[in-house]
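Reader: I would like to go through this model with you. Could we begin with how its elements are assigned?

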Amino acid sequence: MGAVRRLVDADTGEPVPYAPYAFSGRHTQVDKARVEAITESKSFTPSQKFLVLWWIGVSPEGMDPLRATGADIAKRVGMSTDAVGKINRKLAKHRILIVRGRIGNYNLYRISPYIAFHGTGLEQREAVKTCNPPDIPGFNEMTPARWEAQ
């Protein structure tokens, strides 16, 4: 067997812990430019921005919705049911959240796969084909960093 190669920090000479990571497995991919645009936008309140980040963290794998009502979400995030409903509707209007089902008269949501996706890269590529990109005020889809990557 070959020798195990130990990595060391170039500045300190200390060993660096080995942590294997492979892109072929499940992971959450986040579009940092879109999240930055949302968090810096004057069009969204701090509570709306908070819920965007919350949705990134709780949206299930693939394109499944979070199976929770507004009342369930309100309890989890410390907001009123009314506030959560209004925020979710605004985020859905901007296609930041997408509707993926219903419980009674309540829409079931998940974060747009353009913003964050939990799954393989190939699954994310297929997921974005199922919905339109989010409408984020101030986000320019054609900045050099965006179109050079296409």
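Author: Helices (H or I, at least four residues) and strands (E, at least two) are DSSP runs, numbered from the N terminus. This is a predicted model, in which local features need pLDDT of at least 70, side-chain atom pairs count only at pLDDT 80 or more, and totals for chains, interfaces and linings use all residues. Residues are numbered from 1 along each chain as its sequence is written, and side-chain values use heavy atoms, with hydrogens and water left out.

Reader: Where does Gly-138 lie?

Author: Gly-138 is in the loop that links α5 (121–128) with α6 (144–147).

Reader: Is Gly-138 buried or exposed?

Author: Its relative accessible area is 82%, so Gly-138 is exposed (buried means under 20%, exposed over 50%, partly exposed in between, with a 1.4 Å probe and protein chains only).

Reader: How far apart are Gly-138 and Lys-42 in space?

Author: Their C-alpha atoms are 9.1 Å apart, while 96 residues separate Gly-138 and Lys-42 in sequence.

Reader: Turning to the helices, at what angle do α2 and α3 pack?

Author: Helix α2 (residues 46–58) packs on helix α3 (residues 70–77) at about 105°, with the axes 12 Å apart. Axes are lines fitted to C-alpha atoms, for helices over the stretch in contact, and angles run from 0 to 180 degrees between N-to-C directions.

Reader: Which residues of α2 and α3 meet?

Author: Phe-50, Leu-51, Trp-54, Trp-55 and Val-58 of α2 meet Ile-73, Arg-76 and Val-77 of α3, where contact means heavy atoms within 4.5 Å.

Reader: And how many bridges join β2 to β3?

Author: Six bridges connect the antiparallel strands β2 (residues 97–103) and β3 (residues 106–111); two strands pair if DSSP finds at least two bridges between them. Gly-101 stands opposite Leu-108 in β3.
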